[in-house]
Amino acid sequence: MKKYLEIAKAYMKAQLIWRSDTFVDVILAVSKILFAWILWSILFEGKKQIAGLGFQTMISYYIISSYLFQLEKSAEISQQMTGMLRNGTFSKYMVIPVQTQGYFVAMEAGKIAFSAGIGFLATFLWFYLFRIPFVHTANIKILLCGIIMVVLGLLFMALLNYFLGILTLKFEEINIFLMIKDNLSAFVTGAVIPLALLPEWMIAGMRFLPFYYVTYLPSMLFIGKCEEEAITGLIVLSVWCIAFLVLNLVTYEHDRIKYDGAGI
Amino acid sequence: MKIIETENLTKKYKRYKKQEGLAGSIKGLFHREYEEKIAVDDFDIHVNEGEFVGLIGPNGAGKTTLVKMLTGIIAPTSGKIQVMGFYPNKLEKAFKQQYAVVMGQKSQLFFELTTEDTLRLFKEIYCIPEDEYKRNKNFFVDLFQVQELMNVQVRTLSLGERMKMELIAALLHNPKILFLDEPTIGLDAVASKQIRTFLKDVNESRGTTILLTSHYMEDIKVLCKRSVVVNYGRKIYDGDTDMLFENYQKSKKMTIYFEHSVESDVPEYCRVLEKTDDKLVLEIPKQNAEKVLESYIGHYPIRDIGIEEEEIGSVVERIYKGV
């Protein structure tokens with residue numbers, strides 16, 4: 001376990017090298033809150049509620065969800081893996097005594113930890129300095145569920161992207177799989193068609209897919225909504241994480257033996 | 001004690017044979033023809049613990065494929081293979097813990113971080129105890145005299161400096177076997193010499209078995225007592241390096257730079273490879289090299305002279321043809 005922590009630490013340190021990137025991260029985190037404030041102030045003019053949420057709740061939801069959305073950068077795992085497998089540099093992970101799955105998850109965790117820390121600090125300072133009322137749940141259990149769900153959600157996305165990355169061992173070209181993943185994720189989270197327009201049975205079915213629980217549900221839980229779905233969400237995400245942990249191990253072991261182009 | 005053993009080791013690749021042009025590309029969507037390439041063919045090799053073996057051969061000879069199989073990166077098609085008692089392609093943790101690979105053109109270091117940071121990471125990855133880590137790090141850092149570079153970002157190091165750091169990172173966990181692929185590629189003469197001295201020291205003082213792949217005859221000649229020559233996937237020579245050069249290296253390349261334009265005589269047994277007003281490049285039979293050198297030094301105003309070993313391709317060709 002210590003080796004994976006050290007891998008995460010190394011990638012976190014690597015992020016901190018670039019001072020201008022760090023500075024831009026802080027600026028982006030702050031300007032996002034400012035933008036949300038202006039946008040929702042205009043939209044809420046003359047209205048008390050939109051989609052059942054008040055102004056402060058909406059601001060809080062927007063900031064939390066965009067913060068979580070910003071943390072989810074795992075697509076780079078699959079892109080990095082496919083690039084390295086094709087140009088023959090992936091072998092450097094095969095010859096060291098670590099599990100490649102663990103390595104890439106730890107790498108992602110290190111990168112996320114950096115963004116999470118910077119984003120959280122900037123957001124907290126902004127809320128505090130400008131006395132913006134932050135609407136959040138007072139239920140500690142729900143808060144805890146939300147935090148665990150965020151961790152599981154990010155883990156799931158990292159595992160999913162690792163899986164798509166190792167498909168390069170078999171298919172070489174994985175862009176089609178990445179496209180399917182992106183579209184499915186966008187569809188389930190309501191980014192393509194508002195979920196309210198879909199039949200009830202379809203929405204119920206989507207609850208068994210993990211994407212709903214990656215950013216949307218934790219954001220709702222943090223502002224005190226959808227609390228009854230918390231446990232279901234944790235169970236669904238845990239099952240998906242375990243399934244992908246096993247699937248990745250089996251797929252990697254099976255496909256790497258047949259793959260000849262791992263380079264040196 | 002044998003540390004590497006292979007018997008009838010064979011690796012065949014299947015590759016897509018695309019027909020020419022756009023029509024060929026479209027046809028390839030529906031029907032593909034594959035051809036089989038034998039990269040390593042019935043290869044037997046036995047390496048004893050502590051040996052320094054040179055693996056030489058022209059491009060495409062099968063050296064890299066052999067090393068890939070020995071390190072477990074790819075699986076053989078057939079034959080027996082055993083490295084330190086392990087079947088490499090299983091990639092067991094205990095196996096990976098005991099060897100290291102250094103590739104001249106690829107890096108294990110974190111370019112954004114310092115070497116110190118990367119070594120710290122390797123300490124955890126290889127579960128090296130703190131005292132052993134410090135002892136090994138200090139030993140190698142002293143050997144290379146790179147103390148002042150340890151806290152410099154890797155991307156700012158020169159190629160030679162980076163290669164030294166790669167070697168330190170690779171040897172930190174005291175591997176039993178070190179696989180080296182072109183460690184002096186692109187390096188200047190000083191850096192190459194430092195790397196060679198370092199490797200010789202590691203092999204002698206630590207007993208590390210080293211398998212060196214290189215195109216530079218100088219690397220092989222200086223470092224490896226034993227050489228294995230590979231061509232078309234087959235072993236065509238396995239034995240003493242001095243004997244190899246004695247028997248199959250027939251000529252040397254001499255480059256002479258004159259102080260000013262001169263009309264020089266060229267002995268009839270030499271072949272002129274290049275001739276300008278102030279530069280002469282000759283291919284000289286090995287046994288006459290000294291004589292030619294003396295004749296030029298005494299009679300012409302010379303600015304510089306360089307003597308190079310015959311390139312590996314010619315030597316391999318000669319072994320292959322048995323001449």
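Of the 264 residues in chain A of this predicted model, 36% are buried. Chain A is built from twelve helices and two strands, while chain B brings a three-stranded open sheet with a helix lying across it. The two chains touch each other, with 27 residues of chain B in contact with 20 residues of chain A. Here is a short tour of each part.

**Chain A as a whole**

- Reading from the N terminus, the elements of chain A follow the order α-α-β-β-α-α-α-α-α-α-α-α-α-α.
- The radius of gyration of chain A is 20 Å, close to the 18 Å that the globule rule gives for 264 residues, so chain A is as compact as a globular protein of that length.
- Taken along the principal axes, the box filled by the C-alpha atoms of chain A is roughly 65 × 50 × 30 Å.
- Among contacts in chain A with a separation of 6 or more, 82% join residues 24 or more positions apart.

**Helix H7 of chain A**

- Helix H7 of chain A covers residues 140-166, and its 27 residues should span 39 Å at 1.5 Å a residue.
- The end C-alpha atoms of H7(A) are 39 Å apart, which agrees with that expectation.
- Because 19 of its 27 residues are buried, H7(A) is largely enclosed by the rest of the structure.
- If you are looking along this helix, keep in mind that an α-helix has 3.6 residues a turn, so residues three or four places apart point the same way.

**The sheet of chain B**

- The open sheet of chain B has three strands in the order E2-E1-E4, with antiparallel pairing.
- Strand E2 (34-48) and strand E4 (78-83) of chain B stand at the edges with a single partner strand each, so one side of each is left without a neighbour in the sheet.
- On average, and ignoring direction, neighbouring strands of this sheet are turned by 25° against each other.
- Strand E1 (residues 2-16) of chain B pairs with E2(B) in the antiparallel sense over eleven bridges.
- For a place to look in that pairing, Arg15(B) has Glu35(B) in E2(B) as its bridge partner.
- Helix H2 of chain B lies across E1, E2 and E4 of chain B, and runs at about 65° to E2(B).

**Where the chains meet**

- The contact between the chains involves 27 residues of chain B and 20 residues of chain A.
- On the chain B side, helix H2 (63-71), helix H3 (93-96), strand E5 (99-103) and helix H4 (115-125) each supply at least two residues.
- H4(B) gives the largest share of that side, five residues.
- By type, the residues of the chain B side divide into 13 nonpolar, five polar and nine charged.

- As background, most residues other than glycine have a negative phi.
- Cys226(A) has a phi near 50°, a positive value in a residue other than glycine.
- Cys226(A) sits in the loop between helix H11 (216-222) and helix H12 (230-258) of chain A.
- Cys226(A) counts as partly exposed because it has 16 C-beta neighbours inside 10 Å.
- Glu182(B) also has a positive phi, near 50°.
- The loop that holds Glu182(B) lies between strand E6 (177-181) and helix H7 (189-206) of chain B.
- With 19 C-beta neighbours inside 10 Å, Glu182(B) counts as partly exposed, since a residue is buried if 20 or more lie within that distance.

How values were computed. Residues are numbered from 1 along each chain as its sequence is written. Chains are lettered from A and ligands numbered from 1 in the order in which they are written. This is a predicted model: local features need pLDDT of at least 70, side-chain atom pairs count only at pLDDT 80 or more; totals for chains, interfaces and linings use all residues. Two residues are in contact if their C-beta atoms, placed from the backbone, lie within 7 Å. Helices (H or I, at least four residues) and strands (E, at least two) are DSSP runs, numbered from the N terminus. Ala, Val, Leu, Ile, Met, Phe, Trp, Tyr, Cys and Pro count as nonpolar, Asp, Glu, Lys and Arg as charged, and the others, Gly among them, as polar. Two strands pair if DSSP finds at least two bridges between them. Axes are lines fitted to C-alpha atoms, for helices over the stretch in contact, and angles run from 0 to 180 degrees between N-to-C directions. The expected span of a helix is 1.5 Å times one less than its number of residues. A residue is buried if 20 or more other C-beta atoms lie within 10 Å of its own, exposed if 12 or fewer, and partly exposed in between; C-beta atoms are placed from the backbone. The radius of gyration is taken over C-alpha atoms; the globule rule is 2.2 Å times the number of residues to the power 0.38.
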